[in-house]
Amino acid sequence: MLSISPTISKFSNLSDLHHLNRGRYSRHSLSHLVPPPPSTHIRNTKTLRLRHNFRISAIDAAQPFDYESKISDHIAKSKTLKIAIVGFGNFGQFLAKTLVRQGHTVLAHSRTDYSAIAAEIGVSFYSNADDICEEHPEVILLCTSILSTDKVLRSLPLQRLKRSTLFVDVLSVKEFAKDLFLQILPLDFDILCTHPMFGPESGKNSWKDLPFVYDKVRIGRDESRVSRCEKFLDSFAREGCIMKEMTCAEHDQHAAESQFITHTVGRILEKLDLDSTPINTKGYERLLDLVENTSSDSFELYYGLFMYNKNAMEQLERLDLAFESLKKELFGHLHEVLRKQLFGTKERSLGLLQEPRALSKLPPNGNGSSLPPQSDSAN
Ligand code: NAP
């Protein structure tokens, strides 16, 4: 049985009462006054008969203060985090757009004043590192260039943060980031090293099926810390990313073989100043795309991939050797044809002419860097 006296005390403030007195609630829900059992969704209409002939009809409209609305609000909030992006350049802004869309509270700090861009995206910008740390974000997301990360991390007023803050980085080199975090951050802070294997170009339409690498370097055992880390990872999982957990060392090995080679080839092609032609093949179109993709990243990023991944130098040497080997194969073939034309009859009669030996492939990664033996004709 419903009666008005016990329910009136459930109005949260005086203005609610005021509205009630003016009869404004007569056509609205009273389900907020008497919470329904959690498992049921009341969709029927109730009518209250009150003293002074006051009639209240209750229908289940979605009000911000009713039970269901509160529950769904709670669920939405429990999935969101307060994330401070440090380094609000190209990549920081790119990530912020999705994080804001997902409902996270996003703050940002950077060397450059990005307050206008931040406002457009829905991010609160702080020029001062003390101010952003005093906002006590749950997550600090480092999106600084590889080269500046050491300096930026050391300049953050860590004492102003909550003791258990989660530090996440997105650097394209992982062992370097992990070592830096372990070296600089107090033991109380959690550490998650990540690398979204996509950028503002490749992920501009969607993150679906794009790889996201992570290494839970140091996450406290508390349920709240574990769930905070999971919530952060879920921001990428729910966009459809392919979540790959691996050590930072494994990442760097794979990334040198794939990402560094890709960026290097893209930058070599960029130097050729390739133009689109009226008869582009599909393959050529892909090369032009590669140039566009890699050239939109800063040179500092590319240099960081080289400097701070110990596997990058070996890949650069392999690339060099592969190019030399290919040229020798071509020139060796040409040399053979010329020799045949010049001396063919005489050498054949003397039994001197042999089929050129095919150049074997370069040794696989990490298997030495010497070139395979060449046939005489190739030299
Ligand atoms: P970036 O050139 O590598 O980094 C630019 C960011 O670094 C800007 O926020 C810039 O701040 C900051 N920065 C540079 N030098 C600084 C210094 N001396 N002091 C303080 N801050 C400095 O370009 P990015 O593409 O934005 O990449 C950011 C990070 O994301 C890098 O670690 C990169 O490896 C990683 N990442 C990038 C991609 C991508 O596709 N771009 C993909 C995955 C991961 P200001 O703008 O305020 O000067």
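Colleague: Which residues form the nonpolar patch on the surface?
Modeller: In this predicted model, the patch consists of L330, F331, L334, L338, L342 and F343.

Colleague: How much accessible area do they have together?
Modeller: About 660 Å².

Colleague: And where is L334 placed?
Modeller: L334 belongs to helix α13, which covers residues 312–350.

Colleague: Switching to the ligand. How many residues are around the ligand, and which come nearest?
Modeller: There are 27 residues around the ligand. The nearest are S110, Y114, T144, S172 and S298.

Colleague: What does S298 put 2.7 Å from an oxygen atom of the ligand?
Modeller: A polar side-chain atom. For T144, a polar backbone atom is 2.7 Å from a ligand oxygen. F88 also has a polar backbone atom by a ligand oxygen, at 3.3 Å.

Colleague: How much of the ligand does the protein bury?
Modeller: The protein buries 89% of the 870 Å² that the ligand exposes when taken alone.

Colleague: Now the sheet. What is the order of the eight strands?
Modeller: The order is β5-β4-β3-β6-β7-β8-β9-β10, in an open sheet with mixed pairing.

Colleague: Which strands are at the edges?
Modeller: β5 (124–126) and β10 (242–245), each of which pairs on one side only.

Colleague: What does the twist average from one strand to the next?
Modeller: The average is 25°.

Colleague: Back to β5. How many bridges join β4 to β5, and do they run parallel or antiparallel?
Modeller: Three bridges join them, and the two strands run parallel. Strand β4 spans residues 105–109.

Colleague: Which residue in β5 is the bridge partner of L107?
Modeller: L107 is bridged to S124.

Key. Residues numbered from 1 in each chain as written. Predicted model: local features only at pLDDT ≥ 70, side-chain atom pairs only at ≥ 80, totals over all residues. Heavy atoms only, no water. Pairing = 2+ DSSP bridges. Helix = DSSP H or I, 4+ residues; strand = E, 2+ residues; numbered from the N terminus. Axes fitted to C-alpha atoms, helices over the stretch in contact; angles between N-to-C directions. Patch = residues over 30% accessible without salt bridge, like charges linked within 9 Å, V, L, I, M, F, W, Y side chains within 5 Å. Areas by Shrake-Rupley, 256 points an atom, 1.4 Å probe, with all protein chains shown as cover. Salt bridge = Lys/Arg side-chain N within 4 Å of Asp/Glu carboxyl O. Near = heavy atom within 4 Å. Polar contact = N/O pair within 3.5 Å; in protein donor to acceptor, adjacent residues only side chain to side chain.
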